[in-house]
Protein chains: 2
Amino acid sequence: MQERSSVAELAGTLRREMDRYSAGEKLPSSRLLVERHRVSPVTVSRALARLAAEGLVVTRPGAGVFRAGTGAAPPERGDTSWQEVALSADASADQVPRSVDAEGVLATLAEPPPGVIELSGGYLPANLRPERALAAALARAGRRPGAWDRPPVPGVEELRGWFAREIGGPEGSVTAADVLITAGGQSAVTTALRALAAPGAAVLVESPTYPGLLAAARASGLRPVPVPVDTEGVRPGLLEGAFRASGARVFVCQPLFQNPTGAVLGPERRAAVLRAARQAGAFVVEDDFARHLAHEDAGPLPPTLRSSDPDGRVVHLCSLTKATSPSLRVGALSARGPALERLRAVQTVDSFFVSRPLQEAALELVGAPAWPRHLRTVAARLRERREVLLTALTRELPGLPVAHAPLGGYHLWLRLPDGSDEDALAGAALRAGVAVAPGRPYFAAEPAARHLRLSFAPAAGGSEIAEGVRRLRTACDEVLG
Amino acid sequence: MQERSSVAELAGTLRREMDRYSAGEKLPSSRLLVERHRVSPVTVSRALARLAAEGLVVTRPGAGVFRAGTGAAPPERGDTSWQEVALSADASADQVPRSVDAEGVLATLAEPPPGVIELSGGYLPANLRPERALAAALARAGRRPGAWDRPPVPGVEELRGWFAREIGGPEGSVTAADVLITAGGQSAVTTALRALAAPGAAVLVESPTYPGLLAAARASGLRPVPVPVDTEGVRPGLLEGAFRASGARVFVCQPLFQNPTGAVLGPERRAAVLRAARQAGAFVVEDDFARHLAHEDAGPLPPTLRSSDPDGRVVHLCSLTKATSPSLRVGALSARGPALERLRAVQTVDSFFVSRPLQEAALELVGAPAWPRHLRTVAARLRERREVLLTALTRELPGLPVAHAPLGGYHLWLRLPDGSDEDALAGAALRAGVAVAPGRPYFAAEPAARHLRLSFAPAAGGSEIAEGVRRLRTACDEVLG
């Protein structure tokens, strides 16, 4: 972290000093910059690379670094307007021009500006990640014999076997042969949607649901149809109606600690969901993203839907990313029958396979004695953080009662008074120094009410969460009155 | 490699011994297996995992490994026939039911059976990969501060800058800001196709071209339209005609050492291709896969099309995989204008971002003094291998003259006598102990002639290549007479 911030600092200093040099003039040597700014050569070279990327300086190998030639003619960067036609021209008469909207996704992936407390993101902070174990596992994985060979296309056998065992169920009901390794959860979602539904088709999604699903569905030409969720998960009566009304053959759901509501699908509803899908001849995509994020006080977890699935109804997906690091991009899809063949074909054609050293590192990580310890630590810390957030909200914002305190995952779904301006509130919060997510991008259509999603994972610790809520109160006072 | 083969051997032995145990009976302990078979504990655990994946044994943590319960009722794995309806039901009246065909791709990704010489694949063998440098770079990347944070969504800045410099062109014409890091070349192709063309649209491809492109286009719902290639690359007159006839707004080409023909797009044709695209209001996707695979005697390489592209016509893609290892899945897309925005959105929505440690390892690898040395070694070895292959073909198969000896890449495109049965020949070759690729999957429609693609990269060395050609002769004698 230190190295990164010193790169930004040095780049800032050099940027401010750029006026001192005329176009084409040579900058001081790297050695001199190292001495003058008391930083490492790596920092200097990274800061200069950043300025070069911004077009402020030009690097000539062997000669040095020069202020970019603003005096000379700028490089020819002509008019790209024709692209707007080319990118939309394929829309047939009954379609609006295509566009792919990544905004909702980018909002959850972006790092907030320095000094801003993050109650918005979807990843664990550095102090909850198993960073040492990850580094050691990756180092060993890269040195293992055969590490740089092709992996088997569907994934390393033992890792597939591990994912199969995690899914659970009667002996032999899910085996390694039923599992495909993917490059993280979002890739698994995209592959599942593209495999199971053709462009133009409807796909049922929970309402609210996470923006990554809505964006993936739309980018694949699918029409997400919302089915409301309450504190016990999706509402079966509405699900049946949605299957009938839309003709959809896919329903995507998160039965465990749904994002953003934290709801767990109740026991009767589990059976009802599978029954509704069977009646509709449809698949259930079970996005099991939060099984490793159960809080210490969650009690025994319900089994996966996939584990009691005789006729290949359920396509299960999960990922190691959420409980480890955003950069351990290893996940898995599991299915049976023709659907498995289709998933395998789509994934192979899209991206061939996942880097073998990453797979081997994942396998070593989850096979080590430290893995259950890590999960216990995460479970304990998430419970603490949830309690800090709930307590702070009760103290600072008693006017916004929390309907549902989740026992897993790391999101809290906060209902706002009717008519609140979510975007104005999120903007005011950012100015007050806390990043929160407005509820709108979580709905496939018009939302029934206004919301904020607060995440208690990314902050460094409890006191930062409490301070974030104090800042949010400032913003609420300003916007909601 | 040794470890992997001992796993296979032990698994084979145990598989043969399985009859000795009744269903549910406990197998000898791992410790005993280690002693009895004189292998490492890792080998034992991997071999058992393999048998478990095959359903032959069952592992009960803490209790041991047991022969699977063939006596008991098998786990319920019901009928998945309903899926065939669900997976095809969305086809509208004018469409055939969807299917995604990965066969052509899998043929180039599969490892041949033991003892078979590989003249078919697309990757460097272990002895030409920079394995030590890769292992060291990956180990350092995983330990770097911030390595397990989110990377910037479009990729690590310095790596984007390196790819921008590799593309070349006048100072500032391609910058880091124009580059997106992707998970290898195939992901880049898929992202480009999905971003630039809507389902149902035509896309022009070279004929022949690599099966990965045809499969990616079809999986995205696009119609690949073939445009013939000769020894100077794509034929501009036919390209203009194809743009007019198809209404396509995308042409995908490999101007440098085209796969499979090895052709380099001639200087006049470069201008003609860009002119034809401009007239059609279309993009040129420049798949620059072989720039690091020029042979020692190739001479100076033509610049990228992207480097002289004022109006954002060319979308450039490349990958580090081909010159390093199939598991260094790091590539790049470069574009300008709305197309860059679209590419970025598609990639973000599909898969978020590429693992940061992999990106950092790639950056370290290409920044090290050993990198140009590695490329020189590859260039020298590929030239030698090409010559061995050409000499062996002249000696063994004088009836199959080679039209074009490529100066880069690692493929030789061999024309067969009219009416030859490619599949029968490839089958006979495999029985004779050499894997070669039949030409059919390289054509979007009916091929004008019969071909084989021979690859001189994957074999361990020259003598293996020569032996491979001797075996191919046996097959030719058998099938072609």
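How many residues of chain B are in contact with chain A? The number is 109, and they touch 110 residues of chain A. Contact means heavy atoms within 4.5 Å.

## Basis of the model

This is a predicted model: local features need pLDDT of at least 70, side-chain atom pairs count only at pLDDT 80 or more, and totals for chains, interfaces and linings use all residues. Residues are numbered from 1 along each chain as its sequence is written, chains are lettered from A and ligands numbered from 1 in the order in which they are written, and side-chain values use heavy atoms, with hydrogens and water left out.

## The interface

Chain B and chain A bury about 10,100 Å² between them. Carbon and sulfur atoms give 57% of that area. Buried area is the accessible area (1.4 Å probe) that two parts lose on being put together, summed over both.

The interface holds 10 salt bridges (a side-chain nitrogen of Lys or Arg within 4 Å of a carboxyl oxygen of Asp or Glu). The side chains of R46(A) and E158(B) form a salt bridge, at 3.6 Å from N to O. On the chain B side, helix α12 (residues 338-351) gives the largest share, 9 residues. Helices are DSSP runs of H or I, at least four residues; strands are runs of E, at least two; both are numbered from the N terminus.

## A sheet in chain B

Three strands of chain B form an open antiparallel sheet, ordered β12-β15-β14. Strands pair if DSSP finds at least two bridges between them. The edge strands are β12 (411-415) and β14 (437-438) of chain B. β14(B) pairs with β15(B) (residues 451-455) over 2 bridges. There, P438(B) stands opposite L452(B).
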